[in-house]
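Hello,

Here is the structure I promised to pass on to you. Have a look at it first, and then read on for what turned up in it.

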Amino acid sequence: MRLKPQQTGYVASKVAIDLANAPFVKLLKGKDAVREKVKEIIDENLKVERALDEKVKEIIEENYDEIEFQHADERQLFFMIKKKLAPEYGVIVNYDDRYNDLSHKILDELYENYLIEYDVNENQVKNVIFKAFKDFADAYEEIDDIVYNKIRNMEREVIPGSQDYELLYERLYQEELQRRGML
């Protein structure tokens with residue numbers, strides 16, 4: 001699952017909660033400090049990916065006439081170009097590999113910035129972080145469906161794409177995350 005910019009805070013919260021609940025990890029400056037550092041790392045990772053996406057869009061726009069002439073599938077072409085340029089940008093396209101890499105970076109940053117300490121093998125701590133990413137990714141679709149159905153079944157009609165819809169969606173999404181202990 002590709003993270004959206006508005007989701008990084010949720011994932012960062014999930015990582016901080018899971019680390020706080022791990023019996024072998026001690027948060028030296030509290031959950032909020034861990035959450036902020038994790039969010040910063042994820043946001044930076046997404047920023048690099050957005051730069052890659054912009055470069056791919058630029059290439060597609062420059063070759064639009066040829067793409068149109070060849071009747072090429074733009075989405076498939078986008079992914080192929082992105083995959084080809086990803087190593088140049090340091091972006092890992094496979095999400096499991098990416099979450100694993102991010103987990104290592106997060107662990108290193110949290111430890112080096114004296115935000116956590118642990119008395120077990122670092123892989124155990126990294127696995128807590130990786131599992132937080134996977135749990136969020138696995139729950140996202142289910143939560144999205146739940147929120148969508150709640151909005152659809154409301155007495156008043158809320159138009160998708162409207163500001164009211166977005167605000168309501170965000171509130172219900174956060175409530176569901178809290179209900180699951182992910183926020």
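Accessible areas here come from the Shrake-Rupley method with a 1.4 Å probe. On that basis, the accessible surface of the protein chain comes to about 11,300 Å², and carbon and sulfur atoms hold 48% of that surface. Please keep in mind that this is a predicted model.

Let me start with the overall layout. The protein chain has seven helices and two strands, and from the N terminus on its elements follow the order α-β-α-α-α-α-β-α-α. Along the principal axes, the C-alpha atoms fill a box of roughly 60 × 50 × 20 Å. Of the 183 residues in the protein chain, 37% are buried. Among contacts with a separation of 6 or more, 71% are between residues 24 or more positions apart.

Next, a pair of helices to look at. Helix α2 (residues 31-62) packs with helix α5 (residues 95-112) at an angle of about 135°, and their axes are 10 Å apart. Angles over 145 degrees would count as roughly antiparallel, and 65 to 115 as roughly perpendicular; α2 and α5 are therefore oblique to each other. The crossing in which α2 passes α5 is right-handed. On the α2 side, the residues in contact are V34, K37, V38, I41, I42, N45, L46 and E49; on the α5 side they are Y95, R98, L102, K105, I106, E109 and L110. Sorted by class, this contact has nine nonpolar, one polar and five charged residues.

Is Y173 buried or exposed? With a relative accessible area of 2%, Y173 is buried, because buried means under 20%. Leaving aside residues up to four places away in sequence, Y173 touches Q7, Y10, F136, Y140, I143 and V147. Y173 and E141 are 32 residues apart in sequence, and their C-alpha atoms are 11 Å apart in space.

Finally, two loop residues. Most residues other than glycine have a negative phi. H71 is not a glycine, although its phi is positive, at about 55°. You will find H71 in the loop between α3 (64-70) and α4 (74-89), where it is exposed with a relative accessible area of 71%. Y114, not a glycine either, has a positive phi of about 55°. Y114 lies in the loop between α5 and β2 (116-118), and at 61% relative accessibility Y114 counts as exposed.

Enjoy exploring it!

Best wishes

Methods: Residues are numbered from 1 along each chain as its sequence is written. This is a predicted model: local features need pLDDT of at least 70, side-chain atom pairs count only at pLDDT 80 or more; totals for chains, interfaces and linings use all residues. Side-chain values use heavy atoms; hydrogens and water are left out. Axes are lines fitted to C-alpha atoms, for helices over the stretch in contact, and angles run from 0 to 180 degrees between N-to-C directions. Helices (H or I, at least four residues) and strands (E, at least two) are DSSP runs, numbered from the N terminus. Angles under 35 degrees count as roughly parallel, over 145 as roughly antiparallel, 65 to 115 as roughly perpendicular and the rest as oblique. A crossing is left-handed if the near helix is turned anticlockwise from the far one by less than a right angle, and right-handed if clockwise. Contact means heavy atoms within 4.5 Å. Ala, Val, Leu, Ile, Met, Phe, Trp, Tyr, Cys and Pro count as nonpolar, Asp, Glu, Lys and Arg as charged, and the others, Gly among them, as polar. Buried means under 20% relative accessible area, exposed over 50%, partly exposed in between (1.4 Å probe, protein chains only).
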